[in-house]
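Subject: Structure handover

Hello,

Here is the structure I promised you. Please open it first, then read my notes below.

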Amino acid sequence: MNSTPPPPGRDDIITWLTGLGERPPGAERIDSMELAWLVHQVEQRYGVELSDDQLERMATVDDAVTVLAEVLTSHV
């Protein structure tokens, strides 16, 4: 039985990012500090490392949802 959680959605990612500090409502872009925090959260929860190419593609919350879904569904 696989106990890996499903890939995070928008709400999950926004919640993780607010763990770093308050974000303006509706903020879409992910800055470098938020990206580092997001990568840390993903590595802790899912045990995967993201490539530089994948990191470069995560400029917005929606980008992060897309990239993480790709990575985590191919990782299982």
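Start with Leu-17, which lies in helix 1. Keep in mind that this is a predicted model.

Is Leu-17 buried or exposed? Its relative accessibility is 0%, so Leu-17 counts as buried. The cut-off for buried is under 20%.

What does Leu-17 touch, leaving out residues up to four places away in sequence? The partners are Arg-23, Ile-30, Glu-34, Trp-37, Leu-38 and Val-61. I also checked Leu-17 against Leu-72. The two sit 55 residues apart in sequence. In space, their C-alpha atoms are 19 Å apart.

Now the overall fold. There are four helices and zero strands. Along the sequence the pattern reads α-α-α-α. The radius of gyration is 12 Å, close to the 11 Å from the globule rule for 76 residues, so the protein is as compact as a globular protein of that length. The C-alpha trace spans about 40 × 25 × 15 Å along its principal axes.

Next, the core. The largest nonpolar core has 18 residues. Which of them touch the most other members? They are Ile-13, Ile-30, Leu-38, Met-58 and Leu-68. Helix 1 (10–18), helix 2 (32–46) and helix 4 (61–75) each supply at least two residues of this core. Helix 4 gives the largest share, with six residues.

Ile-13 is worth a look on screen. Setting aside neighbours within four places in sequence, Ile-13 contacts Pro-8, Leu-38, Val-61, Ala-64, Val-65 and Leu-68.

A few totals for the whole chain:

- Burial: 32% of the 76 residues are buried.
- Contacts: take those between residues at least 6 apart in sequence, and 58% of them join residues at least 24 apart.
- Surface: the protein exposes about 4800 Å², and carbon and sulfur atoms supply 51% of that area.
- Charge: there are 5 positive and 14 negative side chains. The centres of the two sets lie 4 Å apart.

To find your way around, select Leu-17 in helix 1.

Best wishes

Key:
Residues numbered from 1 in each chain as written. Predicted model: local features only at pLDDT ≥ 70, side-chain atom pairs only at ≥ 80, totals over all residues. Heavy atoms only, no water. Rg over C-alpha atoms; globule rule 2.2 N^0.38 Å. Buried < 20%, exposed > 50% of the residue type's maximum accessible area, 1.4 Å probe, protein only. Contact = heavy atoms within 4.5 Å. Areas by Shrake-Rupley, 256 points an atom, 1.4 Å probe, with all protein chains shown as cover. Lys, Arg positive; Asp, Glu negative; His and termini not counted. Charge placed at Lys NZ, Arg CZ, Asp CG, Glu CD. Core = buried A, V, L, I, M, F, W, Y, C linked by side-chain atoms within 4.5 Å.
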